[in-house]
Amino acid sequence: MRAFLGVLVCSLTLLSVHCLYSASDDVVELNPSNFNREVLQSDSLWLVEFYAPWCGHCKSLAPEWKKAATALKGIVKVGAVDADQHNSLGGQYGVRGFPTIKIFGANKHKPEDYQGGRTGQAIVDAALNALRSLVKDRLGGKTGGSDYGKQGGGGAGNKKDVVELTDDNFDRTVLDSDDVWMVEFFAPWCGHCKNLEPEWTAAATEVKEQTKGKVKLGAVDATVHQGLASRYGIRGFPTIKIFRKGEEPEDFQGGRTRSDIVARAMDLYSDNIPPPELQEILNEDVLKKTCEDYQLCIISVLPHILDTGASGRNSYLEVMRMMADKYKKKTWGWLWTEAGAQMDLESSLGIGGFGYPAMAAINARKMKFALLRGSFSETGIHEFLRELSVGRGSTATVGGGALPKINTVEPWDGKDGVLPMEDDIDLSDVDLDDLEKDEL
């Protein structure tokens, strides 16, 4: 069961990158604790792989990645992040599938996507091309972003990135905002506040760049804006609170260094990433890509459109979207199909006997699946997925031991179903008396 759920991965064995790479390799282990220091504050060019230990493509890439790291040693840094364990770091850079490779060049806060081949030679060629571009930029006077964070304490940053908050603008700027806010309440005479200032400023600049402004840092002079300090029960300085729209403010309990602040901001950012796309199974590529790229693929077989109409189907799809949002931090793909459209798929999962709607969770690497036995509702599906998350529940082998054949179908048009037209039968030449005699 635990193998099915992928929980016996690097995070439980505490081997992290060493699940695919060892200490003898030239691949640098990267995690939230050292990423800023090793990569963002570095003058070197970095190639970073974001991977998951259970990912088949990642396992295939590993020997080529090692070859490239050895060939580039002393020239270009090559690292790897277990994004299954450190999902906040993966989310920070928009990682939605594995492996994802990023090139951190002149501007470390805006890495480029690697689009080349997955051989050692292709990786080395791309690294050297990126290195030439970096050198050319430096010759032209472009400094990039690597100097950020090397001045005074945790880094100078840009003071304009810390938003000044007052009694007059707080509600409009913070409480009415769809963005997440981290707000420092300070006093100008406070020694701890003075120590925090460069860290807070540096973090504000980095968070602004890495979250595209979705998480913001602000500051309130609580000695001037005493109404705000009173409203939020500020008793000591500095006090940091987290504000999310429609929720009660939360006290920030973490460390006071730039890296601590950035790490918490990135967790908040990952909480607000969009849910994975819910896709209709239209062809074999949709099923194959989703089930091979993600740890689990959650598949629903919904009743025929003639049985539910558009409103009924949309209600089922809305439940799935809510669940996809609830479990968006999981590396799961979400699919649906109409009853009868993919009979081989239904047969391989043993779905027909349970009626519709039905749901299955497939681990394509193990060719194992689990079926939803409860109600197709927010509560029922949550119970089902929660059991999977902790390694409980019964599983079976996918019929045939492989992903089934998938028919190519037209996408649902969003409308109610229409009964097929039947040819009219002309009874004008039929003698009903003769029919009666025949029946006798």
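**Exercise 1: two packed helices**

In this predicted model, find how helix α8 and helix α10 pack, and which residues meet.

*Solution.* Start by locating the pair: α8 covers residues 191-210 and α10 covers residues 258-271. Two packed helices are described by the angle between their axes and the distance between the axes. Here the angle is about 35°, and the axes lie 8 Å apart. Next, take the handedness: α8 and α10 cross in a right-handed way. Now look at the contact itself. From α8 come Leu 196, Glu 199, Trp 200, Ala 202, Ala 203, Glu 206, Val 207 and Gln 210, and they meet Arg 258, Ile 261, Val 262, Ala 265, Met 266 and Tyr 269 of α10. Sorted by class, the residues of this contact are ten nonpolar, one polar and three charged.

**Exercise 2: a salt bridge**

Work out which parts of the chain the salt bridge of Asp 171 with Arg 231 links.

*Solution.* Begin with the distance: the closest N and O atoms of Asp 171 and Arg 231 are 2.9 Å apart, inside the 4 Å cut-off. Then place each partner. Asp 171 sits in helix α7 (residues 170-175) and Arg 231 in helix α9 (residues 226-231), so that the pair, 60 residues apart, links distant parts of the chain. The total count is 18 salt bridges.

**Exercise 3: the largest pocket**

Describe the lining of the largest pocket.

*Solution.* First, its volume is about 470 Å³. There are 25 lining residues, with Arg 96, Gly 97, Phe 98, Lys 289 and Asp 293 nearest the centre. Two or more residues each come from β4 (100-104), α11 (284-293) and β13 (332-338); α11 gives the most, five. Finally, the classes are nine nonpolar, eight polar and eight charged.

Terms used. Residues numbered from 1 in each chain as written. Predicted model: local features only at pLDDT ≥ 70, side-chain atom pairs only at ≥ 80, totals over all residues. Heavy atoms only, no water. 1 Å grid on protein atoms, 1.4 Å probe; cavity = no way out; pocket = protein on both sides within 12 Å on 5 of 7 lines; lining within 4 Å. Points joined across faces, edges and corners; volume = space filled by probe spheres on them. Helix = DSSP H or I, 4+ residues; strand = E, 2+ residues; numbered from the N terminus. Nonpolar A, V, L, I, M, F, W, Y, C, P; charged D, E, K, R; others polar. Axes fitted to C-alpha atoms, helices over the stretch in contact; angles between N-to-C directions. Left-handed = near helix turned anticlockwise from the far one by under 90°. Contact = heavy atoms within 4.5 Å. Salt bridge = Lys/Arg side-chain N within 4 Å of Asp/Glu carboxyl O.
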